[in-house]
Protein chains: 2
Amino acid sequence: MPTPEPLTLPDDVAVVNVGLDLFAEAVADQGRPVTSVAWRIPGGGEPEVVAALRRLYGPLAEQVDAANAEVVRRLDQGVPMLVGVRPAGEVVPGLAVGDRTLLHCGPRITYDRVCDPLRRSMRAAVVAEGWAPDVAGADALLQAGDVALEPANLHDTAVPMVTAIGPSQPVHVVENAPGDNRAFAPVNQGPGETPWFGMETPAAIERLRFLAEVAGPLLDEVVQRHGPIDVFGLAAQGVQMGDDVHIRTQASTNLLLRNLLPELMALEDPRRVELATFLSQNHLFFLTVAMAAARAVNGWAMQVEGASIVTTMARNGTDFGIRLAGNDEWFLAPAPPIGQALYYAGFGPETSAKDVGDSAVLELSGLGGPAAGGSPSVAAFVGGTMADALATTEDMDRICAGRSSRFKLPLLDFRGTPLGVDVRRVVELGSTPKVTTGILHVDAGTGQVGAGVATAPLECFVDALLDLDQRLATPAR
Amino acid sequence: MPTPEPLTLPDDVAVVNVGLDLFAEAVADQGRPVTSVAWRIPGGGEPEVVAALRRLYGPLAEQVDAANAEVVRRLDQGVPMLVGVRPAGEVVPGLAVGDRTLLHCGPRITYDRVCDPLRRSMRAAVVAEGWAPDVAGADALLQAGDVALEPANLHDTAVPMVTAIGPSQPVHVVENAPGDNRAFAPVNQGPGETPWFGMETPAAIERLRFLAEVAGPLLDEVVQRHGPIDVFGLAAQGVQMGDDVHIRTQASTNLLLRNLLPELMALEDPRRVELATFLSQNHLFFLTVAMAAARAVNGWAMQVEGASIVTTMARNGTDFGIRLAGNDEWFLAPAPPIGQALYYAGFGPETSAKDVGDSAVLELSGLGGPAAGGSPSVAAFVGGTMADALATTEDMDRICAGRSSRFKLPLLDFRGTPLGVDVRRVVELGSTPKVTTGILHVDAGTGQVGAGVATAPLECFVDALLDLDQRLATPAR
């Protein structure tokens, strides 16, 4: 056995520090390079959670990873095509023309627990559907339980912010041929006085009538003449042009409109000018087209059993809820405030409603937060520089199971956006999805007061993880 | 006097190397950090050039810097507004309806020296104007000198690629109120078989007729109804969305079209559908709008005496020419090949025409090459990554006198694009402007074969510098 070399100290040191920063800081103070690894005890050190993680990363890993791979494949390879714009009552499963039913954002909720802006939106919808003459009458109907409230998500539909729609409202119809499934989202209500921003003024109610009577029918004529539109093809171009395709859809909207220009200008109906004005002022028009597409690929992915990937993430302004692929059960937590935000002058956290809407389905599809690193507009909300925006993407990358092969970020040398939020990684790292979103006034009915990035609450992810572990550890009888 | 410390060698070295790389490489080989400064003898070491630089940076510097500051101010603060779309013969100074005159790209040239693709474009224009029944007849007229050839630039007009236009062709009319001046550029001919890409087929000639008879009149109606459009306001948004606003104008085009959508859809003329199809297929529609705007701010800047800043940079495919602010004289060099390029399959440098067109006026206005660092599309031509695109912007930054306050690059923390090409810096560093551009077939009349980034030839910048030095050193008698 050779004599060991005597122990010597190196002339120069460079340090990798794991966990607490104290030691790293001491080294850095002495002028030597340090790389800090932000390590925390997985799952917050809760024995039950650590045990579940141990199983889901251990003996159950092969099974979960295989299911996850199929989920990611479906999210990535679905081809959602916009094929029409129809009244919800004609196309949405479980809804019929004449039903006194509203589809609303987020998990199931009773009217008494609904937040102020969503109540206003519901009342506006009730009046626009003709079920009550005014918002007071609408409130009475809703209080009495005479209008059925259905989570849009349970009807293959995703609705943004505090949207509530009745059967007359037009929805984008998106078909995903690989999954032989469809999904829906309402035509975006646009800027100004609108119910999706929590307003119930006469102008807001009139907007719903305009959508049902003018915009919906004319847009359907346009889409029928044009033929099916590859929604994620446009979104992929939008990501190259600074859209996160959630709070920023300027580029995608404009690409869609230029594609449709011949069919728009071929409309004979003189109301086409009203439609043109609406479209010209609505840079978020693509938002709900993208949401319908995202709901379609997630709807396909939901059919995979035993995955640890989140395929529903939705908020009604009171509750935040998620579901995992292959499981109908919702896991709930209180809706969070929107942490990183820019407010209009005179507004702030104290005047803001909680995080709300089904649009977080985009974050499950490689858009929104995952695409932040391509968006100068999102950068404004997360620190101001593109490095800050990239950090939001990297946060998502650590909790996702895959990367998009179609949404690519120029700043990361055209790497795909993170895709497939893995509840194991979320719980292990204590890091939840980042959702880009608008912010509404908490109770004044005055609409939008800002925009920002919300961080999903951890507890519902922990609950979903524990449930998954239980389901997989206990084979079906 | 204190005793000097004995000379000691440091334990650790880090090196800044200036000039030749040999020493730097030796240090780097020993594993120590080196920063290399690429230094060359200014002006290539030519005594006459070095002497001129010494004066222009020395005793004449204050005078030149003051003039340059005013040039940069005009380039940066001009507000070019699109106010109409009129036949060139009605609005372009020195041109009248009925004149048998073509406005062409680049410096003045006689037909015998014109390159093949520009000849084809001229012949197509002659036929479209009705001066000859076919391209053979057009060639005879041109050979005989029976059509006057005028550089568009001498008529406050900028034309892209191998464009040649007669008085019937519609031009964008741009007004710059701060300078009380106007400038013009033809409505972009779009993709496919078109004269601006060097084609003279029946379809190419028909395109010119469509522009004169349909697109021009309808677009003028649209712009008149809409009111003046802030061209650089749209371009500034485009830069945030990945446009360099030269070879990539997708975002700016779409922004303009969405702005104009109500007026477009309000057109009663049934030929609006033809217009819609043309616009829908033409993602470079904004190119010539931006060129007219750039020509307008440069037209204002040209009125400043004694500056060292380039305010004309134009190519006819045979000659590359520049002019400095305050001086009508052209300085010429042979048109260069396009160095960094991507070619369509089956094409390459040997099948390519030389760098051509007046669109380099964009590079004098903070767009194109200066804005490369914001454009993933340009990145593809200069190495593939955003770092490569940024290097193109940084190359321009070193030879420019200022930075734009409206065109900002997210990747450089929203720093302005380089503005005002200073011939002193160009000659001192031996580094000329980078121009993003399309590439045409050298002689087959088959149109575009690629796109890339051209590097301007140095010699005309040296000549302009020597002339400036002479003019300033010899006070006006």
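User: What should I know before I start reading?

Analyst: The model is predicted, and local features need pLDDT of at least 70, side-chain atom pairs count only at pLDDT 80 or more, while totals for chains, interfaces and linings use all residues. Residues are numbered from 1 along each chain as its sequence is written, and chains are lettered from A and ligands numbered from 1 in the order in which they are written.

User: How many helices and strands are there in chain A?

Analyst: Helices (H or I, at least four residues) and strands (E, at least two) are DSSP runs, numbered from the N terminus. Chain A has 15 helices and 18 strands. The radius of gyration, taken over C-alpha atoms, is set against the globule rule, 2.2 Å times the number of residues to the power 0.38. For chain A this radius is 24 Å, close to the 23 Å that the rule gives for 477 residues, so the chain is as compact as a globular protein of that length.

User: How do I read a sheet, and in what order do the strands β5, β4 and β6 of chain A stand?

Analyst: Strands of a sheet pair through backbone hydrogen bonds, either parallel or antiparallel. Here two strands count as paired if DSSP finds at least two bridges between them. In chain A, 3 strands form an open sheet in the order β5-β4-β6, with mixed pairing. Because β5 (148-151) and β6 (164-165) of chain A stand at the edges, each with a single partner strand, one side of each is left without a neighbour in the sheet. The pairing of β4(A) with β5(A) is parallel, over 4 bridges, whereas 2 bridges join β4 (residues 101-104) of chain A to β6(A) in the antiparallel sense. A:Leu103 has A:Glu150 as its bridge partner in β5(A) and A:Ile165 as its bridge partner in β6(A), while A:His104 stands opposite A:Ala164 in β6(A).

User: Which way do the residues of β4(A) point?

Analyst: In a regular strand the side chains alternate between the two faces of the sheet. A:Thr101 and A:Leu103 point one way from β4(A), A:Leu102 and A:His104 point the other way, and all are buried. A residue is buried if 20 or more other C-beta atoms lie within 10 Å of its own, exposed if 12 or fewer, and partly exposed in between, with C-beta atoms placed from the backbone. Of the 477 residues of chain A, 56% count as buried.

User: How is the packing of two helices described, and at what angle do α9 and α11 of chain A pack?

Analyst: Two packed helices are described by the angle between their axes and the distance between the axes. Axes are lines fitted to C-alpha atoms, for helices over the stretch in contact, and angles run from 0 to 180 degrees between N-to-C directions. Helix α9 (residues 250-266) and helix α11 (residues 285-301) of chain A pack at about 90 degrees, with their axes 8 Å apart. They are therefore roughly perpendicular to each other, a word that covers 65 to 115 degrees, where under 35 is roughly parallel, over 145 roughly antiparallel and the rest oblique. A:Ser252, A:Thr253 and A:Leu256 of α9(A) make the contact with A:Phe285, A:Phe286, A:Val289 and A:Ala290 of α11(A); residues are in contact if their C-beta atoms, placed from the backbone, lie within 7 Å.

User: How many residues does each chain give to the contact between chains A and B?

Analyst: Chain B gives 27 residues and chain A gives 27 residues. On the side of chain B that touches chain A, the largest share, 11 residues, comes from α9(B).

Definitions and conventions. Two residues are in contact if their C-beta atoms, placed from the backbone, lie within 7 Å.
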